[in-house]
Amino acid sequence: MYSFNAAETRKQLVEWIRNWFERNGKGCNAIIGLSGGKDSTIMCALCVEALGKERVIGVGMPDSGQDLHHADEVAQHFGIRFLEANIGGMTTALKQLFNENAERWGCEMSVQAEQNMPPRLRMVTLYAISQSNNGRVMGTCNLSENYIGYLTKFGDGASDVEPLAELTVTELLQIGDLMGIPYKWVHKVPTDDLPHSKTDEEKFGFTYATLDKYIRGIEEPDPETKAKIDRMHRNNLFKLKPGEVFG
């Protein structure tokens with residue numbers, strides 16, 4: 001039967017992160033892309049507890065026309081170093097590259113490519129900062145989003161380590177509340193930050209609570225929702241796997 005102890009899991013996470021750094025980067029810094037949302041904020045809190053605030057660096061990476069979504073406030077709250085890296089110039093340059101070569105290449109940038117471009121450029125930026133600051137990139141993906149493929153391959157799905165990947169949104173909310181992180185960040189309604197964006201749950205057609213209960217075998221949703229979740233899970237499994245190797 002399913003049970004979850006937020007206090008015990010928090011303790012285990014902190015110890016696990018501390019031990020991971022001992023094995024994979026003794027003395028290195030934790031580099032976190034801060035969005036102002038629950039996942040990166042909770043990741044920040046755990047790393048500060050595991051390593052100390054002096055070894056945690058938060059990076060805010062808005063695109064053109066975007067603000068920091070309180071990422072700087074999160075960093076200030078935890079007392080960590082904060083770097084702002086606006087990726088607008090990179091997204092503009094890549095769009096211009098496509099526009100200039102559209103006829104020669106025989107293609108224009110697709111809508112999907114344009115939507116996935118900022119997360120991938122953010123990861124390029126995050127790794128450049130990490131490798132320049134004796135760092136390790138901390139993943140902020142959770143089980144709920146991974147299960148239905150709500151991540152960008154080689155974008156927010158890339159990292160050196162993924163401490164939260166086996167925890168659902170429901171479980172992370174409990175951990176965030178337990179740690180005393182301000183409600184406005186832990187329970188911030190997540191969106192994709194695209195023009196005319198809807199909330200995650202509006203796009204899915206079901207709530208994280210419904211998804212999480214299904215993942216954990218607590219309660220099965222109605223047949224239509226179950227079929228949708230299963231289809232999303234099946235169609236997006238490739239995002240979680242490395243490229244297939246011959247042989």
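Two residues are in contact when heavy atoms of theirs lie within 4.5 Å. Keep that in mind while we walk through this predicted model.

Start with Asn133. This residue sits in the loop between helix H5 (111–131) and strand S4 (135–137). Which residues is Asn133 in contact with, leaving aside its neighbours within four places in sequence? They are Asn29, Ile57 and Arg81. Is Asn133 buried or exposed? Its relative accessibility is 18%. Buried means under 20%, so Asn133 counts as buried.

Now step back to the whole protein. It has 11 helices and 4 strands. Along the principal axes, the C-alpha atoms fill a box of roughly 60 × 50 × 45 Å.

The protein exposes about 13300 Å². Carbon and sulfur atoms supply 51% of that area.

Contacts also tell us how the chain folds back on itself. Take the contacts between residues at least 6 apart in sequence. Of these, 71% join residues at least 24 apart.

Charges come next. The protein has 27 positive and 34 negative charges.

Finally, look at the aromatic rings. A pair of rings is described by the distance of the centres and the angle of the planes. The structure holds 5 aromatic pairs. One of them joins Tyr150 and Phe204. Their ring centres are 5.0 Å apart and their planes stand at 90°, so this pair is edge-to-face. The pair links distant parts of the chain, 54 residues apart. Tyr150 lies in the loop between helix H6 (143–147) and helix H7 (169–178), while Phe204 belongs to helix H9 (residues 200–204).

How accessible are these two partners? Tyr150 has 24% relative accessibility, so it counts as partly exposed. Phe204 has 3%, so it counts as buried. Phe204 also pairs with Phe206. Here the rings are stacked, with 5.5 Å from centre to centre and 25° between the planes. Phe206 is buried too, like Phe204.

Ring pairs link Tyr150, Phe204, Phe206 and Tyr208. Find Phe204 in the structure, then trace its pairs to Tyr150 and to Phe206.

Terms used. Residues are numbered from 1 along each chain as its sequence is written. This is a predicted model: local features need pLDDT of at least 70, side-chain atom pairs count only at pLDDT 80 or more; totals for chains, interfaces and linings use all residues. Side-chain values use heavy atoms; hydrogens and water are left out. Helices (H or I, at least four residues) and strands (E, at least two) are DSSP runs, numbered from the N terminus. Accessible areas come from the Shrake-Rupley method with a 1.4 Å probe; for residues, only the protein chains shown count as cover. Lys and Arg count as positive and Asp and Glu as negative; His and the chain ends are not counted. The place of a charge is taken as NZ of Lys, CZ of Arg, CG of Asp or CD of Glu. Rings of Phe, Tyr and Trp (its six-membered ring) pair if their centres lie within 6.5 Å; planes under 30 degrees apart count as stacked, over 60 as edge-to-face and the rest as tilted. Buried means under 20% relative accessible area, exposed over 50%, partly exposed in between (1.4 Å probe, protein chains only).
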